[in-house]
Amino acid sequence: MWLHFSPDPDDRWADILCIEACGSVPNLQDKRARFAPSTSSLLAVCPLRWMLEPAEASEPTPRWHMMRLLRSEPTETLVLPVRDIRVLYGLKLRHYESVARAQVPHPHEYFCPIEALTAERGHEDPALTALIGRASAAANFMFPA
């Protein structure tokens, strides 16, 4: 799960990109139901300990410091409204082909073969990179050159 935080401390929110591995079609349907649009609000809860830990083992900077949202070191759990959520489902190839033929994705849903997610250097695959790029909220807007 990736969290994208508002850069503005006066306009607090978080966007979520969730990647789910699905081992079967019933497992996919269960997860799709869990992420289906609803009329209720979602909250992102960021525990204090998590925010104080380094984001990467090789980089000692604590997570909170990388969030432009926070002006100073937090002293309590951060709870933010979720502005947007997108989900990428990784499916076994036979399930992926079946779903691609028969399902209509919701606007927040993206699908790929699990092999694309688990491949060595898969993050460099142009097709996967393009799919992840389309999952960005910024992809819905035209920016002048």
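Colleague: How far apart do the centres of the positive and negative side chains lie?

Modeller: The protein chain has 15 positive and 18 negative side chains. Lys and Arg count as positive, Asp and Glu as negative; His and the chain ends are not counted. Each charge is placed at NZ of Lys, CZ of Arg, CG of Asp or CD of Glu. On that basis, the distance between the two centres is 5 Å.

Colleague: What pLDDT do local features need here?

Modeller: Residues are numbered from 1 along each chain as its sequence is written, and side-chain values use heavy atoms, with hydrogens and water left out. The model is predicted: totals for chains, interfaces and linings use all residues, side-chain atom pairs count only at pLDDT 80 or more, and local features need pLDDT of at least 70.

Colleague: In what pattern do helices and strands follow along the sequence?

Modeller: The chain has 6 helices and 7 strands. These are DSSP runs, numbered from the N terminus: helices are H or I with at least four residues, strands are E with at least two. Read along the sequence, the pattern is β-β-α-β-α-β-β-α-β-α-β-α-α.

Colleague: How many of the 14 residues of strand β6 are buried?

Modeller: Buried means under 20% relative accessible area, exposed over 50%, and partly exposed in between (1.4 Å probe, protein chains only). Strand β6 covers residues 78-91 and is largely enclosed by the rest of the structure.

Colleague: Which strand pairs with β6 in the antiparallel sense?

Modeller: Strands pair if DSSP finds at least two bridges between them. Strand β2 (residues 14-22) runs parallel to β6, with 9 bridges. Strand β7 (residues 109-113) also runs parallel to β6, over 5 bridges. The antiparallel pairing has 4 bridges, and the partner is β3.

Colleague: Which residue of β7 stands opposite V87?

Modeller: L17 stands opposite R86. C46 stands opposite L78. For V87, the residue in β7 is E109.

Colleague: How far is the sulfur of C112 from the closest cysteine sulfur?

Modeller: A disulfide is a pair of cysteine sulfur atoms within 2.5 Å, and the structure holds 0 of them. C22 is in no disulfide; its nearest cysteine sulfur, in C18, is 9.6 Å away. For C112 the closest is in C22, too far for a bond, at 9.8 Å.

Colleague: Are C22 and C112 buried or exposed?

Modeller: C22 has a relative accessible area of 4%, so C22 is buried. C112 has a relative accessible area of 4%, so C112 too is buried.

Colleague: Where is S38, and is S38 buried or exposed?

Modeller: S38 is in the loop between α1 (25-34) and β3. Its C-alpha is 25 Å from that of Y96, 58 residues apart along the chain. Its relative accessibility is 52%, so S38 counts as exposed.

Colleague: Which residues does R63 touch, not counting those up to four places away in sequence?

Modeller: R63 lies in helix α3 (residues 63-66). At 19% relative accessibility, R63 counts as buried. Contact means heavy atoms within 4.5 Å. By that rule, R63 touches W50, M51, E53, P54 and A55.
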